[in-house]
Amino acid sequence: MAKDVYSTATTGTTWTKPAMLSNTIIIKAWGAGGGQSATANGGGAGFTQCSFDVTSVSTLTVIVGSQGSNGGTGVGGGGGGFSAVKNGATYLFVAGAGSGG
C-alpha cells in the first residue's frame, strides 16, 4: 500500500492521483493542537478518517494545520489550525483544531 504523508503546515499542497492508483483512497487527518499558557495545556485536536472514490478526480488539495503558539503568564495560548482535503473549492472533510490553553 502506497502512502503519501503530509506533516508540515501548509495552506495547500496539490496531490496528484497516480495513474495506477485504485479508484478508492483512504485519508486520515489530524487537526493541530492548541498552544499552552503558563497555567493550562492547549486543547487536543480532532481526527477524521474517510474513504473516497477518486475515479473522476485527478488532483486534491491537502491543507495541514499548524500547532497553536504558546502563551505565557497572563497570556493564553493560540488555537491550532485545522487540516482538510479539498477537491477544487469543495471541502471533502475537515479535522478540527484544538483551542488555546
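Buried means under 20% relative accessible area, exposed means over 50%, and partly exposed lies in between (1.4 Å probe, protein chains only). By that rule Gly 81 is buried, because its relative accessible area is 19%. This is a predicted model: local features need pLDDT of at least 70, side-chain atom pairs count only at pLDDT 80 or more, and totals for chains, interfaces and linings use all residues. Residues are numbered from 1 along each chain as its sequence is written, and side-chain values use heavy atoms, with hydrogens and water left out.

**Largest pocket**

- The volume of the largest pocket is about 950 Å³.
- A pocket is an open set of points on a 1 Å grid over the protein atoms alone, with protein on both sides within 12 Å along at least five of seven lines; lining residues have an atom within 4 Å of a point.
- Its lining has 26 residues, and Asp 4, Val 5, Ile 26, Ile 27 and Lys 28 lie nearest the centre.
- Strands S2 (24-30), S4 (59-64) and S5 (83-87) are the elements that give two or more residues to this lining.
- Strands here are DSSP runs (E, at least two residues), numbered from the N terminus.
- S2 provides the largest share, seven residues.
- By class, the lining has 19 nonpolar, four polar and three charged residues.
- Nonpolar covers Ala, Val, Leu, Ile, Met, Phe, Trp, Tyr, Cys and Pro; charged covers Asp, Glu, Lys and Arg; the others, Gly among them, are polar.

**Surface patch**

- Phe 82, Tyr 91 and Val 94 form a nonpolar surface patch with about 270 Å² of accessible area together.
- Patch residues have over 30% relative accessible area and no salt bridge, and nonpolar side chains (Val, Leu, Ile, Met, Phe, Trp, Tyr) are joined within 5 Å.
- A salt bridge is a side-chain nitrogen of Lys or Arg within 4 Å of a carboxyl oxygen of Asp or Glu.
- Areas come from the Shrake-Rupley method with a 1.4 Å probe; for residues, only the protein chains shown count as cover.
- Val 94 sits in strand S6 (residues 90-95).
- Val 94 counts as partly exposed because its relative accessibility is 43%.

- Val 64 belongs to strand S4.
- At 14% relative accessibility, Val 64 is buried.
- Gly 71 is in the loop between S4 and S5, and at 30% it is partly exposed.
- Gly 81 is also in the loop between S4 and S5.

**C-alpha separations**

- Gly 81 and Gly 68, 13 residues apart along the chain, are separated by 7.0 Å.

Methods. Patches are made of residues with over 30% relative accessible area and no salt bridge: like charges are joined within 9 Å, nonpolar side chains (Val, Leu, Ile, Met, Phe, Trp, Tyr) within 5 Å. Helices (H or I, at least four residues) and strands (E, at least two) are DSSP runs, numbered from the N terminus. On a 1 Å grid over the protein atoms alone, a cavity is a set of points where a 1.4 Å probe fits but cannot get out, and a pocket is an open set with protein on both sides within 12 Å along at least five of seven lines; lining residues have an atom within 4 Å of a point. Grid points are joined across faces, edges and corners, and a volume is the space filled by probe spheres set on the points.
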